[in-house]
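Colleague: I would like to learn how to read a structure file, one feature at a time. Could we go through an example together?

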Amino acid sequence: MCGIVGYIGSEKAAAPFLLDGLKRLEYRGYDSAGISLVNSSGHILTVKSIGKVVHLEQKCQSIQCSDMYAGIAHTRWATHGAPSENNAHPHLSGSGKFAVVHNGIIENYSELRKRLSMAGHKFVSDTDTEVIPHLIEEFYNGDFAAAVTGAVQQLSGTYGIAVLCADYPDMMITARHGSPIVIGLAGNANMVASDVTALVSYTRDVLYLNDDEMAIITPSHVEVRTINNVPVTREVSRISWDVSADGKGTFEHFMLKEIYEQPESVGNAIRGRIDLKAGNAKLSGLDLTPREMALINRIVVAACGSSFHAGLLGTYYFEDISGIPASVEQAAEFRYRNPIIEPNTLVLPISQSGETADTLAAVREAVNKGAIVAAICNVVGSTIARESGRGIYLHAGSEISVASTKAFTCQVAVLLMLALLLGRNRRMNHETGTELSQEIMRIPSLIQEVLKQAPTIEAIAKKHANAHDLFYIGRGCLYPAALEGALKLKEISYVHAEGYQAAELKHGPIALLDEHVPVVALCNDIPGKDKMLGNIQECRARQSPVIAVVTGDDDCCAPFTEDIIRVPASSRFVAPITTVVALQLFAYYFAKERGCEIDQPRNLAKSVTVE
Ligand code: AGP
């Protein structure tokens, strides 16, 4: 989704930094981009373009950047108004004195726009953002910071903004409410970004802004205060993990690279967290004593998309392994339906980015209702991780492809370890704990086995790549895997795919089956397989081609199909992980065969920061 970068520092460095920063944020998904630079004589120059950052870069080649010390830039993912140069950020005030980039949604923009229009302001875009520079101008009486303060106090909705003022070429102001802002400290320059990925090659020393805070930034100084002018002392955080986009290496796409990284990323997620001797897991970020854990009487997971699917699987684990009642909710539904949360409810927000607006709102609701909130996030220092106060990081490394792959498998591995820990804290004995610990330790090598099947999976995917509708069916722990497999396919190939509980198929969806609608049937050797074979027969009776996932050299599906994907034998808890890796490869090769843009699919954003 939208990305912000800002720079204030040495001569000539502003434009190259901003363009590089925008490229590093490209993975988030966007449809237009823009940049504003201010020179020492107080002139703001703005360039915008539709499409990729490279187009903006080409347009910028003709501009004279020698006297530019400060600038702001933005990648826009359209919400209010179509992708166009007029709607692209930065937006300017009527006099051109102020330039603003904005992430989030201003919910009272039409009311503000009406008011400002009556006061003589002219608007040139369809965006909600454009009211901000006009509002700042309205409040301006020569004091830049006071004008920004006055303006943001009028906004409702969400914002992360960076602002330039032509009268203050050596100052940049940023503020946030609901959209992340991080400030990079690089000695002779200071920077702003909505995502630390944009900064990390320049500095690892950062300051995170909290909601309703702003920062007044010069090349040598950063002053943080609340938007009500209360001074704030903020510790510098050091980024110790690798967030850089290392490039695709020999892989054609980031998605394929990230699929192949899974033995390593899951290895990192479980490293040091399994105590084989004790048959238990150690999750220090959870920060709960055995007694506090024993008091948990319900678990509620709140998440979106792939993280929701991981959470659904987590509920199977918590009930089956830990013996704790558990449910999962789409985060926005959780947030808005006034959920019942008791003091001993453990709420688990799950988010790769740690910035998903709906999940963040669920965290706030859960914190407010007094729940124990523990986040499962990948991005260290992200808002959800910080506001939850406790949690478990994935250590999956940066995930660049919009379609989540390695974050999903790491989320599942973390949930399995958490279920083990809570189970051992209750009725699970040492022997069962040791067996599950050993099974978790095997996950990286089991994934490696699946990756060896890539040529077979590619051939099957190519064979079916003309299909326009697919069903994915699974039972038990494989039902969330069916949902995730279908999501992967629709995200990157734009082909309609639905995941269903295999038993539900005949309660309606079976009406859609015919020879043109393949069914991906998850028929691994786990409890429920016999019933699954019956469901496959039902699909074949309607002439649906079947693509089966089975365990090892199991021949159970040979009578129904020759399109068989084999995953190694494992417990029912680990089978969804190996199966999803196979389905990721299936979706990848299917989309590739159709010539789709895999890493940045149309309409999608990596981090969905609006509700
Ligand atoms: C996954 O492939 C998707 N891109 C999407 O569903 C994603 O999982 C969802 O938006 C949640 O993101 P988060 O994990 O960063 O919160």
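Colleague: Which side chain makes a polar contact with the side chain of serine 351?

Modeller: Some ground rules come first. This is a predicted model, in which local features need pLDDT of at least 70 and side-chain atom pairs count only at pLDDT 80 or more, while totals for chains, interfaces and linings use all residues. Residues are numbered from 1 along each chain as its sequence is written, and side-chain values use heavy atoms, with hydrogens and water left out. A polar contact is a pair of N or O atoms within 3.5 Å; within protein, one must be able to donate a hydrogen and the other to accept it, and residues adjacent in sequence count only if both atoms are side-chain atoms. Here the partner of serine 351 is the side chain of serine 353, at 3.4 Å.

Colleague: In which strand is serine 351 found?

Modeller: Helices (H or I, at least four residues) and strands (E, at least two) are DSSP runs, numbered from the N terminus. Serine 351 belongs to strand β19, residues 345–351.

Colleague: Does serine 351 count as buried or exposed?

Modeller: Buried means under 20% relative accessible area, exposed over 50%, and partly exposed in between, with a 1.4 Å probe and protein chains only. Serine 351 counts as buried because its relative accessibility is 3%.

Colleague: What is serine 351 in contact with, leaving aside its neighbours within four places in sequence?

Modeller: Contact means heavy atoms within 4.5 Å. The residues in contact with serine 351 include Ser307, Thr356, Ile376 and Gln411. As for distance, the C-alpha atoms of serine 351 and alanine 375 are 7.8 Å apart, and the two residues are 24 apart in sequence.

Colleague: Which residues are closest to the ligand?

Modeller: A residue is near a molecule if one of its heavy atoms lies within 4 Å of it. The ligand has 14 residues around it, and the closest are Ser307, Ser351, Gln352, Ser353 and Thr356.

Colleague: Which side chains have an N or O atom at 3.1 Å or 2.7 Å from an oxygen atom of the ligand?

Modeller: The side chain of lysine 488 has such an atom 3.1 Å from a ligand oxygen, and the side chain of glutamate 491 has one at 2.7 Å. On its own the ligand has 410 Å² of accessible area, and the protein covers 91% of that. Helices α9 (305–322) and α17 (478–493) are the elements that give two or more residues to the shell around the ligand.

Colleague: Let us turn to the histidines. Where is histidine 74 found, and is it buried or exposed?

Modeller: Histidine 74 is in strand β4. With a relative accessible area of 1%, histidine 74 is buried. A polar atom of its side chain lies 2.9 Å from the backbone oxygen of histidine 102. Not counting residues up to four places away in sequence, histidine 74 touches Cys2, Leu22, His89 and Val101, among others.

Colleague: Where does histidine 80 lie?

Modeller: Histidine 80 lies in the loop between β4 (68–76) and β5 (91–92). It is buried, with a relative accessible area of 19%. Its side chain makes a polar contact of 3.0 Å with the side chain of threonine 79. Beyond four places in sequence, the residues that histidine 80 touches include Ile105, Tyr109 and Asp126.

Colleague: What should I know about backbone angles?

Modeller: Most residues other than glycine have a negative phi, and most peptide bonds are trans. In this model the peptide bond from histidine 89 to proline 90 is cis, with omega near 0°. Proline 90 is in the loop between β4 and β5.

Colleague: What is the phi of asparagine 229, and what is that of asparagine 338?

Modeller: Asparagine 229 has a positive phi, near 70°, and asparagine 338 has a positive phi of about 55°. Asparagine 229 is in the loop between β13 (222–226) and β14 (237–238), and is partly exposed at 43% relative accessible area. Asparagine 338 is in the loop between α10 (331–336) and β19, and is exposed at 54%.

Terms used. Accessible areas come from the Shrake-Rupley method with a 1.4 Å probe; for residues, only the protein chains shown count as cover.
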